[in-house]
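Look at the fold below. This report goes from the core to the domains and then to the ligand.

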Amino acid sequence: MESLKELYKAGPGPSSSHTLAPMRACELFKEHVKDVTHYEVELYGSLSLTGKGHFTDAIIEKTLAPTPTKVLFKTDWDYDFPSGLILKAFNHDRLELTWVVYSLGGGSIKILNSEYDFQKSIYPETSLCEVYEFCKKHKLTLPQYVYHYEPDIKPYLEEMLMVMFASVREGLKQEGLLPGTLKLKRVAKDLHFKASHSTSEDKGKRLKLMAYSYAVSEQNASNQTVVTAPTMGACGILPSLLYYAYYDLGFEKHRLIDALAVAGIFGNLIKTNATISGAIGGCQAEVGSACSMAAAAKAFLDGHSMRIIENAAEIAMEHHLGLTCDPIAGYVMIPCIERNAAAIMRAFDAVFMASTLGDFKDNVVGFDEVVSTMNYTGQKLVVELKETSLGGLATIVNVDKKSV
Ligand code: SF4
């Protein structure tokens with residue numbers, strides 16, 4: 001498995017695969033070619049089909065500026081990967097350099113035939129069973145397992161935590177409409193107001209979680225800085241738990257950093273053995289993965305055993321299996337924003353179920369098995385339902401006739 005630095009990354013929304021990944025590729029490309037007259041960037045697969053709504057062309061032009069850049073939405077992709085881009089640098093008519101880049105999900109990139117190796121393995125274990133064996137043998141907790149392989153990771157995790165908190169805080173202040181043609185109203189601030197005035201403890205808690213999740217997702221949809229957790233489409237789930245744990249429950253920061261490390265193990269295992277990309281596995285890979293990570297983190301914060309942590313993460317993933325990705329007009333808004341809020345509440349329920357059921361029986365499905373099942377299901381999902389906006393909500397809902 002890779003470093004947690006490859007899992008948690010801060011950057012501009014709305015999509016890790018459609019904004020952060022192209023931005024990273026363009027930044028590196030720019031370093032390699034000096035004094036060129038113009039660039040051409042060709043987008044393929046999901047990047048081409050939903051790149052407009054995901055603001056892919058805008059982030060590419062911005063990153064390569066001031067050099068003029070032409071962004072082309074293409075269909076004739078010859079490579080064996082569902083989403084990618086080709087970067088070309090020109091000096092007048094002469095082609096100076098070409099890069100073929102895959103957008104792997106969560107902002108990760110693979111540059112074909114280059115010296116860059118972002119997929120370097122840091123953790124030798126590749127399944128939760130192996131992680132547990134290692135922890136048992138060396139008497140380590142799950143956070144200690146992370147610090148064993150990445151002894152310097154804590155300041156980085158703290159930095160990511162602070163970006164997450166800032167995205168909640170900023171999102172709660174904003175009003176008005178989200179950018180784009182959907183003209184969707186921001187509601188995080190209203191939800192938070194309602195939460196603060198709730199007389200019911202349970203309702204107030206749920207409203208707060210919703211508000212925090214909406215705050216981050218709305219910031220993401222407005223191209224503001226968020227953290228991939230594990231992706232930007234699913235960026236509202238884990239931060240809402242951590243913000244709630246810190247500001248409403250009074251957890252100390254170092255415990256939240258440990259919780260981020262625990263969630264990171266689960267996200268990393270999903271990334272290694274399945275996918276966290278909506279273009280490859282549908283929304284089960286994004287929101288399903290984020291819900292699973294949040295359930296693991298919540299179970300850890302509640303002080304549960306490794307078995308309950310696994311069960312909670314498993315339940316959270318199992319009941320997202322088959323979840324499709326069909327964003328309306330290609331914007332990371334509908335169903336994404338509401339879905340993040342639904343997922344944080346589902347993560348809490350998964351922990352509740354895991355800790356209750358654990359008193360009566362063993363969980364039959366293991367986390368490693370549900371990850372394999374998610375991978376299998378993602379391969380079986382039709383392309384129309386994998387971040388192409390060619391089917392599902394994207395084609396059935398007629399937003400022109402509605403007031404959103
Ligand atoms: S539907 Fe899910 S996977 Fe698709 S863009 Fe939205 S959050 Fe990402």
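The largest nonpolar core has 122 residues. Ala-294, Ala-295, Ala-296, Ala-312 and Ala-347 have the most contacts inside this core. A nonpolar core is a set of buried Ala, Val, Leu, Ile, Met, Phe, Trp, Tyr and Cys residues joined through C-beta atoms within 7 Å. Buried means that 20 or more other C-beta atoms, placed from the backbone, lie within 10 Å of a residue's own; exposed means 12 or fewer, and partly exposed is in between. Helix α10 (residues 253-273) gives the largest share of the core, 11 residues. Helices (H or I, at least four residues) and strands (E, at least two) are DSSP runs, numbered from the N terminus. The core lies between domain 1 (10-111) and domain 2 (128-399), because both give residues to it.

This is a predicted model: local features need pLDDT of at least 70, side-chain atom pairs count only at pLDDT 80 or more, and totals for chains, interfaces and linings use all residues. Residues are numbered from 1 along each chain as its sequence is written.

The domain bounds come from an automatic or database domain assignment. The domain centres, taken over C-alpha atoms, are 27 Å apart.

| Domain | Residues in the contact |
|---|---|
| Domain 1 | 23 residues |
| Domain 2 | 31 residues |

On the side of domain 1 that touches domain 2, the elements giving two or more residues are β1 (10-12), α1 (16-32), α2 (46-49) and β5 (94-105).

The residues around the ligand include Cys-283, Glu-286 and Glu-387.

Methods
A residue is near a molecule or strand if its C-beta atom, placed from the backbone, lies within 6 Å of it. Two residues are in contact if their C-beta atoms, placed from the backbone, lie within 7 Å.
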